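Subject: Model handover

Hello,

Here is the structure we spoke about. Please look through it alongside the notes that follow.

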Amino acid sequence: MSEMNMNQNVDPATGQSTGERTFTQDQVNAIVGKRLAEAKASSEAELKKREKELNEREMKLKATELLTERGLPKTLADVLRYDDENSLISAIDVLTHVKGFKEEKKEEEPRITVLENRLPERQNNDMEHDPIRNAMGLK
């Protein structure tokens, strides 16, 4: 019963308890320690979540760069599965060796066609029968 009185406030003027509970220093330390541990755990969980998201974005960027270097479409970065750089490189290596997946660049000699910009030569007797020259009155 003395423990009960110790945990309740008593109004000295009236001698009645006020209904408020008091805590010992050990109880306060335990409550504060518990709340600090909960806050620390939640902040660590949020930090791990952010770190995971950052790593995913970095790996996607790295995948896009590697795909571009190898001449593959960048959109493959969305469908590739990779957790680390080694698995990413091996997945891209497999894609580059798949026959027909990537357009192979055949180095052909460029064909150069030279077009001459000249009118055909006319012979003298063609001028007499030229309908345009006749229409203009030229001989």
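A nonpolar core here is a set of buried Ala, Val, Leu, Ile, Met, Phe, Trp, Tyr and Cys residues joined through side-chain atoms within 4.5 Å. Buried means under 20% relative accessible area, exposed over 50%, and partly exposed in between (1.4 Å probe, protein chains only).

First, the ground rules. This is a predicted model, in which local features need pLDDT of at least 70, side-chain atom pairs count only at pLDDT 80 or more, and totals for chains, interfaces and linings use all residues. Residues are numbered from 1 along each chain as its sequence is written, and side-chain values use heavy atoms, leaving out hydrogens and water.

Confidence
pLDDT is the predictor's confidence in each residue, from 0 to 100. Its mean over the chain is 79, with 73% of residues at 70 or more. Helix H2 (residues 25-69) has the highest mean, 91, and helix H1 (residues 2-6) the lowest, 46. A contact means heavy atoms within 4.5 Å. Where pLDDT is low, the predicted coordinates should not be read in detail.

Layout
The chain has 5 helices and 2 strands. These are DSSP runs numbered from the N terminus: helices are H or I, at least four residues; strands are E, at least two. Their order along the sequence is α-β-β-α-α-α-α. Of the 139 residues, 11% count as buried.

Core
The largest nonpolar core has 13 residues. Leu67, Leu72, Leu80, Tyr82, Leu88 and Ile92 touch the most other members. H2 and helix H3 (85-97) each supply at least two residues of this core. Leu88 touches Met59, Lys62, Ala63, Leu66, Leu80 and Tyr82, not counting residues up to four places away in sequence.

Lys62 sits in helix H2 and is partly exposed, at 29% relative accessibility. Outside four places in sequence, Lys62 contacts Glu85 and Leu88. The C-alpha atoms of Lys62 and Leu88 are 8.6 Å apart, across 26 residues of chain.

Surface
The chain exposes about 13,300 Å², 52% of it from carbon and sulfur atoms. Accessible areas come from the Shrake-Rupley method with a 1.4 Å probe; for residues, only the protein chains shown count as cover. Val28, in helix H2, is partly exposed at a relative accessible area of 33%.

Best regards
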